[in-house]
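Me: I have a chain open here and would like to go through parts of it. Can we start with the strands?
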Amino acid sequence: MGRGLVGNPVEAAPRRAVQQEDRRQPVSPLSQAEVLRLADVTIAYDRHPVVHHIGGAFAQGSLTALVGPNGAGKSTLLKAVAGLLPVTAGEIRFTIDRRAIAYLPQVVDVDRSFPLRVIDVVDFGHWRKIGALRRLSREERASSVAAIASVGLAGLEHQPIGKLSVGQFQRVLFARLMVQEAALILLDEPFNAIDQKTTADLMDVVRGWRAQGRTVIAALHDLEQVKRDFPDALLMARELVAWGPARQTLSDDNLARARALAASWSDPAAAICAR
Amino acid sequence: MPLYDFIVQPFLEFGFMRRALVACLALSVSAGPIGVFLVLRRMSLMGDAMSHAILPGAAIGFLVAGLSLWAMSLGGLIVALFVALAAGAMSRVTPLKEDAALAGFFLISLAMGVLLVSLKGSSVDLLHILFGTLLAVSNSALLLIAAASTITVIALALIYRTLILECFDPGFLRAVGGKGGLAHAIFLALVVLNMVAAMQALGTLMAIGLMMLPATAARLWTISIGRMIGLAILIAMLSSLAGLIISYHANLPSGPAVILSAGFFYLLSLAAGSNGGLLRRYIRRPHLEH
């Protein structure tokens, strides 16, 4: 059994993260310690804000759905947290090492005809540890195999990725996330165009991460799924609309406010923000 | 033994045949893997473009120092690297894609190269640059090929994993802090280095054949990158041997004979390849239980 599937994620995260977390030992999965704080974050493309003055914190071990109308800035916020986009104003503060973040983009720009096997793709999840040159250790290989089994692809380790279905390939990407042993996992629309069975299985994987104390933030558009499977939700429409327990956050009032905000975005003569 | 005479005798008898064989075998070792990565990165035509970009540099070397291997190689190396970097940079700061930017540069290069050679030389000199003189490989050309081949194999081993992930999922490589851009630049430099090294033996136009044809053929037999590289090297070596023997016995130009031998393997793989060959496609086999 791979270490990453049963071990304490704080122990499993890269070394520097461990040092920073040491001060707050013992860390239980239910600890309310913050992993990440958004301090009045604004992210703009060409001066137009797509994420506008959002503030708040994600607790360690929390499982939060990021919800909002199209163009609400969900993907943008995730990219900024992943370190792929600069924030225009405000700040994103981490208590964990930024290298302990794993990110699954909405559109994974991969060449599916590339001659790799399932195990090869999952092994790339160890990159932070082995880099470009080091050999994969026996434990690392074992954790890849265990990750493949836990996403329901046992026996397909040596299958070429070109022969997988869309759902199976998403399972492979989840297995790769798994071996990254990240303290914070960001998922952008992970269940888009994925069949129900796969979605249910992968949701189990996500719950497993939470049980291990990993923090998960997932952008989603299926409100029913969010209410059913996610304890917390962050509703945004460029600005923060509501953030808290999923059912309260996704109340009819809040959703109506989000829709109203979205309707105002088409105004071309935007003034300079005074906030 | 007639077969022994047919295959071994030419190399025992003539030093220039031995040199040509050694040059081609050494080139095969590095051109094979380079070609495989060109195929995997969907940059097959990129290599072609780069081979043209060598020409003006080689021509400047030729104008300055005559048919000097070192001057022409250095000139070719510098100009081709410049074109590769410029095309990459232009694709980032203008709306042009890298292949379009490169196409613009290499057409200019080709025309300029032909113009420059004609200033001083004859069309025979131009033919030497484009198609090489495999049966007149000098000691220094052999050294250059050996050095280029060695550097290529070592450098490829160092950037191997990065290059594969950079081809497959560049976004992920960036997110985990890999140096994809650096690996790409090193790879382009290796492409240019191999073509410059092959210039005297096979010529800039023929050299690309020894890179692409065995690699494309290998792609049609296996889906493992490691096996693809091994197979590409093997096919390149067999083509070299076959091409030289055929050219010797049939009194044909040797560079084109080598490339045509590689072309034969390519066509054979197209027809019979076990991973996507045409026969597999059109021969119906009964379906399985599950």
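Me: What order do the strands of the open sheet have in chain A?
Reply: The open sheet has 3 strands in the order 2-1-4 in chain A, with antiparallel pairing. Strands (E, at least two residues) and helices (H or I, at least four) are DSSP runs, numbered from the N terminus, and two strands pair if DSSP finds at least two bridges between them. This is a predicted model: local features need pLDDT of at least 70, side-chain atom pairs count only at pLDDT 80 or more, and totals for chains, interfaces and linings use all residues. Residues are numbered from 1 along each chain as its sequence is written, chains are lettered from A and ligands numbered from 1 in the order written, and side-chain values use heavy atoms, without hydrogens and water.

Me: Which are the edge strands?
Reply: Strand 2 (48-59) and strand 4 (89-94) of chain A, each pairing on one side only.

Me: Over how many bridges do strand 1 and strand 2 of chain A pair?
Reply: Strand 1 (residues 34-45) and strand 2 of chain A pair over 8 bridges, in the antiparallel sense. A:Glu34 has A:Ala59 in strand 2 of chain A as its bridge partner.

Me: New topic. Where is A:Glu181?
Reply: In the loop between helix 8 (166-179) and strand 6 (184-188) of chain A. A:Glu181 is not a glycine, yet has a positive phi of about 50°.

Me: Buried or exposed?
Reply: A:Glu181 is buried, at 3% relative accessible area. Buried means under 20%, exposed over 50%, partly exposed in between (1.4 Å probe, protein chains only).

Me: And what about the phi of A:Glu189?
Reply: Positive, about 45°, although A:Glu189 is not a glycine. A:Glu189 lies in the loop between strand 6 and helix 9 (196-211) of chain A, and counts as buried at 10% relative accessibility.
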